[in-house]
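Hi,

Here is the structure I promised to pass on. Have a look at it first, and then read on for what turned up in it.

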Amino acid sequence: MDDTKLLVFLLCFIAQFCLSISASDQVNSFQSVPDLEKSMYMAIDGYPCVRLLNLSGEIGCSNPGRANIVAPVARFKTANKLAEPSALMVSIEQFEELFGRLSNDAEFSRHVVGVLVESGSQLQNGLKGFSPDKKFPQAEFAPYQSGHFEWNPIGSGLMWKAYNFPVFLLSNSSTSALQEIALRNEKRKKSYTVDVADFNLVMQTTKSGTRDSESCLREQTCLPLGGYSVWSALPPMAISSSEKAKPVILVVASMDAASFFRDKSIGADSPISGLISLLAVVDALSRVDGLKDLDKQLVFAVFTGEAWGYLGSRRFLLELDQHSDAVSGLDLALIETVLEIGSVGKGFARDDKTFFAHSTSETATNGTLSAIQDAVGSLKTQSTKISRASKSNPGLPPSSLMSFLKKNPKTSGVVLEDFDTAFTNKFYHSHLDDLPVNINSSAIVAAASVVARSLYILASDKKEIKTSALNTININASLVEELLGCLLSCEPGLSCELVNRYIAPSTSCPSHYVGVVLGEPSSQPYPGNVGDVPRFVWNFLADKTAIPSKNLSSTCPKGCSGNGEMCVKAETDGKGVCVISTTRYIPAYSTRLKYESDTWEVLPHNSSDIMGEADPVWTESNWETIKLRVYTVQDTRFDTWILLLGIAVTVLSYIITVMAKAFITKALKRD
């Protein structure tokens, strides 16, 4: 009788266990492997720090080996002593403190295998500043010997160092999720599970011995940084005309920014505020009658690659020397004055609302400075002022004009900035230089108003200009606001109506990282090899500076065969419009590189290229899709217990089977 009770009890236990498993299967049933993966892994959104190389070595981040890095998530402040390899979460306020400790504490750094940087809304308000660039950005290219001058006093220089662990900037939503995970790990110190970060972030060259630009280009494991600059003439140039070419007033701005995190290079104040101001100037002047009758030719140039050794401006000057197709119609000897629109987005950060004019030399730029003051006077407003930069400055601040001055020390040029002796932008070349906190649209409109009227005065060549003529030159403030939303935010971002009027962007969120040169550099590149922002700038300038085609029935683009004709807006509907415009792409890459037979070659230093000696020849290592995910793993001790429990269940099952067999046999014999 006792055997019977025991058998019934065991059978009921097994039945209940099977029913619980069955119920669990119903709740957690999966239709496919992706469903199973989603339940196991949490994908983390964010922006990686990537590996870059130059002629002397590497900077940026990479995995130390070829495999993924998997480590528990811990918070920096609660992880003063790490007992095991960990992925540290750090706020932007603690970023420099952490990296300083990693440099000075070998025992601590040995256990840090990854860094997760928190995001947050309006972080700038609580920070004194954050700039991972140097205190004198790109001092090696300065046309003067004052490399220790601090244009960027807040700069830490962290983005120019190499790190053998991945660093990942989290999105806002991922920051919240990871903060919860880190807290959960702290509470689970005696638990059998832990949440880990899995960095699928193999950022390194793919062959041994390719740890610099020259070797990795030879082995084709990297590509040079660069892209395409754009220039445009207003009004269009009559290239084939026998008329004497006019002196050129060149207006310059940059369109690329840098950051510790590749795809979070926003650059709202530095330099995109200057780019937006330039586009607004072109729009305003395009509506002015009689530009073709002015004594001087207006030319606008937007350079890319300036954050990485002034690639755009230096290549532009080399193309001028070589009289290439990319600069057909332009002559370096005809460039009389260069006016650069630098960082102007914080021009109204002070009560006096002052911009500063940094000039190459007082004598060479008297005419330009005078025109600027006349332009300010014509605005009839006391709120906007232009002051000459302090004479205590060693020279020009970091700017494209440095390339021109290195080429010709007698260059007449002025850079309009929102600072005097040090950057007003406390987030220079960081992911925090964004909209709306760091710039003011009214400052951009004011700067554009001054530049537009100054250019008209300069192009008139000191002729008496009626106030009524200057009063017709007005900046479209609505266009400036629209450009801010298109170029500096994800909503609407590049999906905005203005951008979609000209191109079909590949992404909505804009990033102003220069990127890499794809394919063979050309003055007529394949559109797929040109970034969204340069394509938009090209179409915008071509459209605004154009005059209508004489053959209105011509089909675009093949029908644009007339003199000076080109096709704009071709991406929007596959057709486009034929217009007469002098707008060109200019390849932007190191002057020490040559593309031949589908490969890149580093050229020896040319003594005639003064800035080439300082050129690091930046390249970006090849890499696949970068991913980060989080999942839960069990402690090995827990696995041991599971194994022992499994053995126990097996033995128990065997005993039950033997007992059941014996009981049934005995019962049958009684019957």
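Before the details, one definition: a charge counts as sitting over a ring if NZ of Lys or CZ of Arg is within 6 Å of the ring centre and within 35 degrees of the ring normal. By that rule, the charged end of Lys 353 sits over the ring of Phe 348, 5.1 Å from the centre. Lys 134 does likewise with Trp 160, its charged end being 5.6 Å from the centre of the ring. Please keep in mind that this is a predicted model.

Now the overall picture. The protein has 671 residues, and 51% of them count as buried. You'll find 17 helices and 26 strands in it. Among contacts with a separation of 6 or more, 79% are between residues 24 or more positions apart. The accessible surface is about 31300 Å², with 52% of that belonging to carbon and sulfur atoms.

Next, the aromatics. Searching the whole structure gives 29 aromatic pairs. One of them is Phe 95 with Phe 130, an edge-to-face pair with 5.5 Å between the centres and 85° between the planes. This pair links distant parts of the chain: Phe 95 is in helix H3 (residues 95–104), while Phe 130 is in the loop between strand S7 (112–117) and strand S8 (162–163), 35 residues apart. Both Phe 95 and Phe 130 are buried. They also belong to one aromatic cluster, together with Phe 99, Tyr 163, Phe 165, Phe 260 and Phe 261.

On to the strands. There is an open sheet of five strands, in the order S8-S4-S3-S25-S11, with mixed pairing. S8 and strand S11 (222–224) are the edge strands, each pairing on one side only. Inside the sheet, strand S3 (residues 51–54) and strand S4 (residues 57–61) run antiparallel and are joined by four bridges.

Finally, the salt bridges. The whole structure has 17 of them. Which side chains does Arg 262 meet in this way? One is Asp 263, at 2.6 Å from N to O, and another is Glu 620, at 3.1 Å from N to O. Arg 262 lies in the loop between strand S13 (248–254) and helix H7 (268–286), and Glu 620 is in strand S25 (residues 619–621), so this pair ties together parts that are 358 residues apart in sequence. Both Arg 262 and Glu 620 are buried. Asp 263 counts as partly exposed, with 31% relative accessibility, whereas Arg 262 is at 16% and counts as buried.

Then there is Asp 615 with Arg 314, a salt bridge whose closest N and O atoms are 3.1 Å apart. Asp 615 is in the loop between strand S24 (599–602) and S25, and Arg 314 is in helix H8 (residues 311–322), so parts 301 residues apart in sequence are tied together by the pair. Both partners are buried: the relative accessible area is 3% for Asp 615 and 5% for Arg 314. Salt bridges that share partners also join Arg 51, Glu 58 and Arg 211 into one network.

Cheers

Note on methods: Residues numbered from 1 in each chain as written. Predicted model: local features only at pLDDT ≥ 70, side-chain atom pairs only at ≥ 80, totals over all residues. Heavy atoms only, no water. Phe/Tyr/Trp six-rings, centres within 6.5 Å; stacked < 30°, edge-to-face > 60°. Helix = DSSP H or I, 4+ residues; strand = E, 2+ residues; numbered from the N terminus. Buried < 20%, exposed > 50% of the residue type's maximum accessible area, 1.4 Å probe, protein only. Pairing = 2+ DSSP bridges. Contact = heavy atoms within 4.5 Å. Areas by Shrake-Rupley, 256 points an atom, 1.4 Å probe, with all protein chains shown as cover. Salt bridge = Lys/Arg side-chain N within 4 Å of Asp/Glu carboxyl O.
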